[in-house]
Every structure is written in structure tokens, then in C-alpha cells.
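Hi,

Here is the model I promised to pass on. Have a look at it first, and my notes come after it.

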Amino acid sequence: MKHAKLGFFLGKKTIKLISLLVVVCFASFWIVEQSPIDPVRAYIGEMSIQSEQKAKLDEYWGVNTPAQEKFFNWAGKLLKGDFGVSLIYRVPVIDVIKEKFTASLILMACSWLISGVIGFVLGIIAGMKNGTWIDKAIKTYCYILTATPTFWLALLLLMVFSVYLGLFPLGFSVPIGVAAANVTLFDKFQHLILPALTLSLLGVAQIAMFTREKLIEVLLSDYVLFAKARGEKGLDLILRHGVRNVALPAITLQFLGFSELFGGAALVEQVFSYPGIGQATVAAGLRSDVPLLLGIVIFSAIFVFFGNLIADLIYEFIDPRLKQKEAML
Amino acid sequence: MSSAIAMGNKSLFQGLNLRQKTILIISFTSILLFAIVIISLFLAGNALPTNFESKNLAPSLEHPFGTDWMGRDMFVRTLEGLGLSIIIGAFASLISTVLTLILGLFSSLGKTADSFVSWLVDLFLSVPHLLLIILISIGMGGGTKGVIIGVALTHWPSLTRVVRAEIKQLKTQEYLHISKNLGKSKWWIATKHILPHLSPQILLGTILMFPHAILHEASVTFLGFGLSPHEPAIGIILSEAMGYLSAGYWWLAFFPGLSLLIVVLAFDMIGENFGKLMNPKMAHE
């Protein structure tokens, strides 16, 4: 019974993903097609060339082919897994994305975990001490954080820790002038700390405020009143009745934040020159690397989709309250 | 947050009730924001004097935010940038609100229309927001125009979602059924019965959209899209400042960013207090 339901659910989601990707491909291609960008210019850069060569390149890149034909060419190759060649990196788009996304995933995973845990704990503390100075301090902190421009916080941290204290390197994910083989794990770790710290600090706000509100709601419920009547109190009460009820919605919310995480990573990577997918996106956008940009759009849509999918899965299959409801039916 | 601020100003606000305090906070912050916009509009006309004798000065009484490498006063540049940000934010929120209104009312017309709107919302939320703005701004040919359109066209989905849920709930109300049975058209019901209920929600949603729009505009500009380097946008000031960090010119990045933060906070505060005023349940807290 349960497996059948899961199978049905996943089948439905797969169809949804496919239809979403088709529309995203179509829409993003159409948007880029509107742009007056000249792919040949993007490829050759500022070099000056003769008009015959330009004509040849025009033909090669399909400047004069009609949009529909271009789309079907591109989409046809896409179906075979061929995303085209990146204009600025001069390697297949799929390779660029693989490399950059892995680097970003480490960064995003770190900050996602740290911000989730710290945010949750802060939220629990604030909710527990509702109305006291601790609660007010945490609330003020979160409030200010949501208004803070990501890149500004990144700049401040860079200034304080790298320029003044000299604790961390000024950028890049590996030291300059060191061969790739000689880069130690420690080097990589050192270059990861500040970007991850920035993203974590900012990610805390939403989850803490949410947890706080949920906990206050739970503490006002009848079953907590009953538990209090039985003599439970303090941290024990919170852990037994509060945290268990708040944890799942909080985790769900954290999974729904993949879209913002991506945007934050793009800004942070730019400041710290961390060679991840965000930096590749900016480079592709600024230098009109259309194949790479479209590839990134598709992969980021898949990334966001999986975040939402996990949130849905938790909601539908793991939440014990829903199980109970089913049993009752 | 507002309680913390109210606490700090206890002596000033004593004797006022919550409603009066809330109105006071709203008026103070609004005046501040208006002042920034008006001053920046006055400043925009005259080009900033470059004075190489007073370049890279640390903050002082004469130059509260310091000066940059061309000797331009950072305080003036920041004010201009903030004004530009607020204007772009206002424009973007306005467009997004109009889109929300149209799509919200459209979704009330029937089941197919409703699923179309919900599908469109899902589609816009399926790509990371920042990436979507970049994509649209490129599609529009980049430049200032590209960024403004990109920001304006991408801030409606969350408000539309709220409005749609509200409409769904309204539609179960009896007076709507009666109105329908009396032979009123769908459009008549949408504009005469549903719209008045939505207007406070939409007004609040528009104010709360402001900070998002401003932050996104600054972010995209910081990344190098859109606004040209001559434009005194906060994003551009900060991305320029990045090159001078290792030289120790901390004020180039610190003050403009802080001012942006304060503007965003001010909008948040207006929104929150406005919400309090409109929510009858919280009116006598």
C-alpha cells in the first residue's frame, strides 16, 4: 500500500519534472533569443576579423538561421545529452557545470547545514524565552540579517578576516601559483571557510524566525498544557513536545530554500573569487556565453526541483501526524 | 524589532498608545526615505566634482563617509545611489503589484484560469530568483533597462500565491454564491466583491516587496549587470570598493552598504507597522 503510494507520487513528480524542464528550456531559449547578443562577438571577443571570416563564423554559429530551427537544433542535441560548447571556457558545457557545481555544492551544503542547525537552536531558545531579552536579541539579529545585502556582509568579513587579521586568503579556492596536484585538503578548507561563514550567517534568520513562531504556537497548544499539568517542565518539556513537533516543518522549510541558497552562493562566490557555479553564471551572463547560461538555468532548475521534492516527501511520507490521519481513514 | 525601537525611545513616546506609536514610526521612516529620494533627485543634475587633492580620505567631519580615489565625496555618492535604488524598487514593486492584481483576478474566473496562474507561479519559482533576473535582463539587451525589467517582472509570484489563496477562501463565502445566483457576471463579482477584500493584502504586499526589489537590484548591479559604471548605484559603488579593500580603504564599502541596510530596514519597519495597524486582532496589543 505504502509502496504503491510512493511509486505513484514519484511517477507524478517525474512527469512534473519533465514537463517543467521542457517549459524552462523553451522559455529561457526564447528569452535569450530576444537579446541583441551576437554569439560570434562573444566567441572572438575584441579581436578584429575580416568580414569573410565573420560570415563564415556567422554561418557556423547559425546567426542567420531562423529561431525555430535554432531551437530544435539545440533541443535535439540536448536530448542526446549534448549541451553544446561553452564560449568562454572552450570546453563542453556539461564539463564546466560538473566541475563548478561540485565546488558550489560543497559550499552550499556546508552553509545549509550550519545555518539550519544554528537557526533551529536559536529559534528554539527564542521561542522558549519568548518576551525576554534573549528573545529580543535573537529577533533583532534576525531582523537585521534579512535586510543585509549578502555581498556587503561578504565584503565586511573579507575586510576584517583577510585584510586586517590576515587569517584567511584573499580569494580563490586554492592558493595562487600552486600546481593542482599540490593543493592540500587544508588549503581547500581554508578557502571555503569565509564564503561558507557568510552564507551561514545570513541563512540563520529565516529558519530561526520560523522555528520561534512554531514553537510558541506549540507551547500554547492543549497537549503542552496537559503535559504541564502532569508536572513536566523546563527543557524536558521543550525537548519532548516542542522540538519533536517543530523539527519537521523546519527541515521542510530548509529544503525549500534551495533557490535562495543558489542566489546567495552566486554573490558570495563573486566576492571571494570562489570558482563555483555562481561565478560561472556571472561570467556567462556578462560575456554572453549563451550555451553555458542555458545549461546553468536547466541544472539550477533541477537543483531547486529536488529541494522541493524532498520537502514534499517529508511532508507526505515522514510526518507521523499524516500517517495517523491515514490510519484513521 | 519595533518593540526594541519603541523601548529605546520610551521617553519620547511616553503617553502615546500603540496605534499612535505605530503611526509615528511609519511617518518618521517614510519622511526619511522621501528625503533621500528628493535630495538624490536634486543632486543628480550636477556632476560630482573630482578633486584629486582630497582623494582616499578617511571619514571626517567634512566628508562623513570619506572620499574615493577621484576625491569624490562618498556621502553624496551614497545618497544618489540610494535614491536610484528606491526609485527602481518603487517602479519594480508597482509593476509586480499590477501583475499580481491582474493574475489574481484572472485566477478567480474559473478552474482552468486558476490552474494556469498557479502553473505560472510555479514556473517562475522554479529557477533561482537571481538567475532569472540575470536571464531576463540579458534578454532585454542588458543595461539599466534590462535590470529594471528583470527586477520588475520577477517579484510577483509570492504575492500572487498569497492573493490566490485568499481568493480561494473568499470563494467559499455565501454572499458570493448569492451574488452569482442573482445573475452577476464573474467579472462583476471579481471586481465588486473580491477586489475590496484583497486591497489591504495587496497594499501590504507591495510595501514588503520593496526591500526585496532593492536588494535584488543592488545585487545584480554589484555582479556587473545593467547599470553603467557612471551611474551612482550602490551595487556599483560596492563593486568598485572591492578593488580597494586590500589597500585598507574600509569606508568605501562600509558606509554605502550600511546605508542600504538602513533603507531596507526602514521599508521592513513601515511594512510591519502597517500590517499591525491593519490587523484588528493586534490593534490593542
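First, the ground rules. This is a predicted model, in which local features need pLDDT of at least 70, side-chain atom pairs count only at pLDDT 80 or more, and totals for chains, interfaces and linings use all residues. Residues are numbered from 1 along each chain as its sequence is written, while chains are lettered from A and ligands numbered from 1 in the order in which they are written.

**Chain B**

Chain B has 12 helices and zero strands, where helices (H or I, at least four residues) and strands (E, at least two) are DSSP runs numbered from the N terminus. Of its 285 residues, 41% count as buried. Buried here requires 20 or more other C-beta atoms within 10 Å of the residue's own, exposed is 12 or fewer, and partly exposed is in between, with C-beta atoms placed from the backbone. Taking the contacts in chain B between residues at least 6 apart in sequence, 69% join residues at least 24 apart; a contact is two C-beta atoms, placed from the backbone, within 7 Å.

One helix pair to look at is helix 4 (residues 74-107) and helix 8 (residues 157-170) of chain B, whose axes come within 9 Å and cross at roughly 30°. Axes are lines fitted to C-alpha atoms, for helices over the stretch in contact, and angles run from 0 to 180 degrees between N-to-C directions. Helix 4 and helix 8 of chain B are therefore roughly parallel; the classes are under 35 degrees for roughly parallel, over 145 for roughly antiparallel, 65 to 115 for roughly perpendicular, and oblique for the rest. On the helix 4 side of chain B you'll find B:Thr100, B:Leu103, B:Gly104 and B:Ser107, meeting B:Leu159, B:Thr160, B:Val163, B:Arg164 and B:Ile167 of helix 8. The residues of this contact between helix 4 and helix 8 of chain B split into four nonpolar, four polar and one charged. For that count, Ala, Val, Leu, Ile, Met, Phe, Trp, Tyr, Cys and Pro are nonpolar, Asp, Glu, Lys and Arg are charged, and the others, Gly among them, are polar.

Also in chain B, B:Pro59 sits in the loop between helix 3 (18-44) and helix 4. B:Pro59 and B:Trp251 are 192 residues apart in sequence, yet 7.1 Å apart C-alpha to C-alpha. With 16 C-beta neighbours inside 10 Å, B:Pro59 counts as partly exposed.

**Chain A**

Helix 5 and helix 6 of chain A pack at an angle of about 140° with their axes 8 Å apart, which makes helix 5 oblique to helix 6. The crossing of helix 5 and helix 6 of chain A is left-handed. A:Leu122, A:Ile125 and A:Ala126 of helix 5 make the contact with A:Ile134, A:Asp135, A:Ile138 and A:Lys139 of helix 6.

What sits in the loop between helix 11 and helix 12 of chain A? A:Gly276 does, and A:Gly276 is buried, with 25 other C-beta atoms within 10 Å. The C-alpha atoms of A:Gly276 and A:Ser104 are separated by 4.8 Å, although the two are 172 residues apart along the chain. A:Ser273 is in that loop too, with a positive phi of about 50° although it is not a glycine. A:Ser273 is partly exposed, with 15 other C-beta atoms within 10 Å.

A:Arg90 has a positive phi as well, near 60°. It is found in the loop between helix 4 (67-79) and helix 5 (93-128) of chain A, and A:Arg90 is exposed, with 9 other C-beta atoms within 10 Å. As background, most residues other than glycine have a negative phi.

**Where the chains meet**

41 residues of chain A are in contact with 38 residues of chain B. Helix 1 (2-34), helix 6 (133-147), helix 7 (150-164), helix 11, helix 12 and helix 13 (290-318) of chain A each supply at least two residues of the side that touches chain B. That side of chain A divides into 27 nonpolar, 12 polar and two charged residues.

Cheers

Conventions. Left-handed = near helix turned anticlockwise from the far one by under 90°.
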